[in-house]
Every structure is written in structure tokens, then in C-alpha cells.
There are 2 protein chains.
Amino acid sequence: MPNPTAAMLVIGDEILSGRTRDANMYHLSGELTAAGIDLCEVRVVSDDADAIVAAVKALSAAYDTVVTSGGIGPTHDDITADCIATAFGVKIDVRDDARALLQAHYDSKGTELNEARLRMARIPDGATLIDNPVSIAPGFTMENVHVMAGVPAVFQAMVATILPTLTGGAPLLSSTYTINRGEGDIAGPLGALAKEFPALSIGSYPFQKDGKFGSNIVIRGADSAEVEVARSKLAIVFPE
Amino acid sequence: MPNPTAAMLVIGDEILSGRTRDANMYHLSGELTAAGIDLCEVRVVSDDADAIVAAVKALSAAYDTVVTSGGIGPTHDDITADCIATAFGVKIDVRDDARALLQAHYDSKGTELNEARLRMARIPDGATLIDNPVSIAPGFTMENVHVMAGVPAVFQAMVATILPTLTGGAPLLSSTYTINRGEGDIAGPLGALAKEFPALSIGSYPFQKDGKFGSNIVIRGADSAEVEVARSKLAIVFPE
């Protein structure tokens, strides 16, 4: 049975302008791979309502699970929750359970739950909340879309919350074999190996080190014995 | 006049599996911003022909310029050039000019231009070559799509080659103002400022440092005087 599929939607001008280097895609990709869920596509869009709505609709329809990152804070450029409501054709308003979380949090700090902060309690109808142990303001799950904050510490905490609820597949096992020759020297035998093991994914990731070419061959598959057989065959053709 | 628009397509299982952290998106986003070209969307897809062809078609139709990264090497998993040909409905074969570049390069190294390496001379009909000063095998430009290697050093060299040929807009100027208060405290006045300056993009990027909340407010626009006026107004409301 093929693994469940996932996509990620990164929302934020700061990634597209080059101001911030992505951290959440890198984190999520590793976590999903370990859980046996195939991350098939990532999109990064700006803080633009039409772009966000279109991407949510496309990804939600095409993949088992979608994770979004960014745009659920209290400021004017945080429009993700409203876009999710639009994409699913549901209403959105301040919800009592989310408001209660924020009220208790800000009461304990002696801080006012003002209009801006209350925006973070706006939850689309029918969504369930995602716990935020770092800064309380919750994410939420709407059908197969998990909406999370963009601040990496909060994003990572929300991923940890949601991962056990997802149905994983067979964790993809991988074995890396380094060949200190250029890709052009190894491509022929490598292609033959890929044909011999159609159930495995065999990737070649070239590098240049101290002026010499080499490539890391990564063999991925759900069956560890098969991965090792393929690796052994590779090692016979290209001894270390 | 609005700035020209761009999109990026990152092709490669290694990003989606979490094996490699993206570097090319981060590099390109900064370069385009400096050139006054708005990077509006990024997609990351796996080494899957249907996914690549669909993304190339969608992005090429929606944006002025598309840059792709990855999948143009000599191994079996390098299928980008063929996918570009499919997306544009043109033929692809080994082309004499690309073959000549590779032949001269490998002759000088005393290396055989074998069948695998010759794959890197496969160029879609009608494309123009992009110079590769690092490892010779060229990228190419097909209509508004610039096809580049995934190895960061090669990708960066190809970006440097192609950037002067693109029509830039007014470089986006940005000014950052740090406020050592939580976003919830500043969101109201910030939203009012954004409404007062509709030509500017005003983003809030929260952080947590030494247990205290703060936010970097980034004001972006093409008119430096306007950016500075908005920053001054912000500094009056939230003095340092």
C-alpha cells in the first residue's frame, strides 16, 4: 500500500523576499519522512488572500494531509484563518473555546486581551483547535488542513501535537553510499540498478569537495532487506 | 507600474524528504528582491514527470519569469529537461552546441563523453543555453522559463548569468524597526499605519528573546521617502 501523502503551504512575504531562510519546511519534511508520510509538494505564497485560498483548495483536494505555516498572529498581515474559512466555504468568528484559552493566558500575565489579540481566537466553523504550549494562541485543523504558526518554535510544537493523530505508512528507510567519482561515470550502472529495483527510490546527489567530484547515492524504500541488497550491488560495481 | 513577477520551481526528492535544507530558494529570493522583481510563489515538487510538467505549465502561464532548480544532471533521476520539452510541446534531443561545450570540457580533462554525460546536452528545441562556468553542462532558457542546476554553486552562477537579462522593476527598499513588545500590543496602531500607506508593505515578524516578546516591523516600498515617513510615524507611536 502506498504511503499517505502530504503537502505543505508556507504563507509569508518574509520567505519570498529573502529576508528569512525557511526553517519550517526543513523541519516538517524530516518529521513526515520519519512517520512514513510522503511530503509530495510544498508551495510558498505571499500574504495575499486569493493566492492562499487557491493554494489551500488545490492542495487539500490533491493530498491526504496539508500543513500550513504562518499568518495566524494578531497583526493586519495575518489573514490565514480567514482564507481557510473562505476556501472551505464556512463562517469564521471569535470562538469561545479559543477566547477562553487566551483570556486565561493574558489574565495570568496581567495583560489585556485587546482587539488585536482577540483576532487569534477567530476560528473557522467546524475546526478543532491545535494546542500551542509555547505561546497559547492555538492553531486549528479544518478537514484535512492543519493550520499552524510560522514562528519555528511554535510550529514545531504544533507539529509534535498533530503528528500522532496522522495515519503514517511504513517509515521510509534510507541508506547512503558515497562514491568519489563524478556523476557522469556512475550514471549508467546507477540507472540499471534503479530499473532492477523499481520499488526503491535511488537518488544521486552530486558534490564537489577539495576540487574533486563525488556523489552521495541515497537508496530509499520501505523494505530494509531490499535497500541493503541494492546497496551491496552498488558497492560491488563501485568499491570504496 | 507594478514590478515584474517571478516564480520558482524547486525539483528534487532530497528537499521533500528532509535530507537537504533548501539553499537555492533563499539565494534566488534575495537576488530577485534586489533586482526589483517580485518572487510571488515557490513550488517544490518531487522527481515526478507529471508533477514537474503541471507545475511548469501553471507557473509559466501565471508569472513573467520562472526559474527552476534541479534535475539536469546525467543520472536517471534527472528528468527536468524532458519535462520542460513536454510542457512546451517541443522536441528534445542532444544539441550540437551543448555537445560541443561538453566535448571540449571532457577532452581537456581526458575524460570520456559517455552516454550518461551526453544526456546533459539534451536541450528542448528553441531553447537558448545558460552558461555554467562551474561545471560546464549548461542550463537553458525556454520562453520565460530558466532551467538551472540544483547544486548551489552552479545554481548561483547561473542566476548571476541570467539576472542582467531580466527586466527589473524599482528595487524594493526596506526598513526594519524593532519593537520590544508583543505583537498583540502593537497590532492596532500597525494596522492603522498599513491603511494610511497602501503603497507600502508593512510586515510584522515576531520573535522571542531572553523570555521577552518583540517584533521586527519591516516596511517595504519602492519610494524611499515614503518608507522613511512611515518608519518615523511608527517610531513616534513606539519610541525606542
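Biologist: What pLDDT does chain A average?

Modeller: The model is predicted, and its scores are ipTM 0.87 and pTM 0.88. In chain A, 100% of the residues score at least 70. The average pLDDT of chain A is 92.

Biologist: How many residues of chain A are in contact with chain B, and which class supplies 19 residues on the side of chain B?

Modeller: On the side of chain B, 46 residues are in contact with 46 residues of chain A. Helix H1 (13-16), helix H2 (24-34), strand E2 (38-45), helix H6 (115-118), helix H8 (183-196) and strand E10 (201-209) of chain B each supply at least two residues of that side. By class, the side of chain B has 16 polar and 11 charged residues, and the class with 19 is nonpolar. The number asked for in chain A is 46, and the class is nonpolar.

Biologist: Which residue of E2(B) is the bridge partner of A:Val42?

Modeller: Strand E2 (residues 38-45) of chain A pairs with E2(B) over five bridges, in the antiparallel sense. Within E2(B), the bridge partner of A:Val42 is B:Val44.

Biologist: Which are the edge strands of the open sheet of three strands in chain B?

Modeller: The order of this open sheet is E9-E11-E10 (chain B), and the pairing is antiparallel. The edge strands each pair on one side only, and they are strand E9 (173-179) and E10 of chain B. From one strand to the next, the twist averages 20°. The edge strands are therefore E9 and E10 of chain B.

Biologist: Which residue of E11(B) stands opposite B:Ser201?

Modeller: E10(B) and strand E11 (residues 212-221) of chain B run antiparallel and are joined by nine bridges. The residue of E11(B) opposite B:Ser201 is B:Arg220.

Biologist: At about what angle does helix H9 of chain B run to E9(B)?

Modeller: H8(B) lies across E9, E10 and E11 of chain B and runs at about 170° to E10(B). Helix H9 (residues 224-237) of chain B lies across E9 and E11 of chain B. The angle of H9 to E9(B) is about 10°.

Biologist: Which residue in the hairpin of E7(B) and E8(B) takes a positive phi?

Modeller: Strand E7 (residues 139-142) of chain B runs antiparallel to strand E6 (residues 128-130) of chain B, with three bridges between them, and B:Gly139 is the bridge partner of B:Ile130. Three bridges also join E7(B) to strand E8 (residues 145-148) of chain B, again antiparallel, and B:Met142 stands opposite B:Val145. The hairpin of E7(B) and E8(B) has two residues between the strands. The residue with a positive phi, near 50°, is B:Glu143.

Biologist: Is H2(B) roughly parallel or roughly antiparallel to H7(B)?

Modeller: H2(B) and helix H7 (residues 152-162) of chain B have axes 10 Å apart and pack at an angle of about 20°. Angles under 35 degrees count as roughly parallel, so H2(B) is roughly parallel to H7(B).

Biologist: Which residues of H7(B) make the contact with H2(B)?

Modeller: H2(B) passes H7(B) in a right-handed crossing. From H2(B), the contact draws on B:Asn24, B:His27, B:Leu28 and B:Glu31. The contact divides into four nonpolar, three polar and one charged residues. From H7(B), the residues are B:Pro152, B:Phe155, B:Gln156 and B:Val159.

Biologist: How is H3(A) placed against H4(A): oblique or roughly parallel?

Modeller: Helix H3 (residues 49-62) of chain A and helix H4 (residues 80-88) of chain A have axes that come within 9 Å and cross at roughly 50°. This angle makes H3(A) oblique to H4(A).

Biologist: Is the crossing of H3(B) and H4(B) right-handed or left-handed?

Modeller: Helix H3 (residues 49-62) of chain B and helix H4 (residues 80-88) of chain B pack at about 50°, with axes 9 Å apart, so H3(B) is oblique to H4(B). Among the residues in contact are B:Ile52 and B:Val56 of H3(B) and B:Cys83 and B:Ile84 of H4(B). The contact has seven nonpolar, two polar and one charged residues. The crossing is right-handed.

Notes: Residues are numbered from 1 along each chain as its sequence is written. Chains are lettered from A and ligands numbered from 1 in the order in which they are written. This is a predicted model: local features need pLDDT of at least 70, side-chain atom pairs count only at pLDDT 80 or more; totals for chains, interfaces and linings use all residues. Axes are lines fitted to C-alpha atoms, for helices over the stretch in contact, and angles run from 0 to 180 degrees between N-to-C directions. Helices (H or I, at least four residues) and strands (E, at least two) are DSSP runs, numbered from the N terminus. Angles under 35 degrees count as roughly parallel, over 145 as roughly antiparallel, 65 to 115 as roughly perpendicular and the rest as oblique. pLDDT is the predictor's confidence in each residue, from 0 to 100. Two residues are in contact if their C-beta atoms, placed from the backbone, lie within 7 Å. Ala, Val, Leu, Ile, Met, Phe, Trp, Tyr, Cys and Pro count as nonpolar, Asp, Glu, Lys and Arg as charged, and the others, Gly among them, as polar. A crossing is left-handed if the near helix is turned anticlockwise from the far one by less than a right angle, and right-handed if clockwise.
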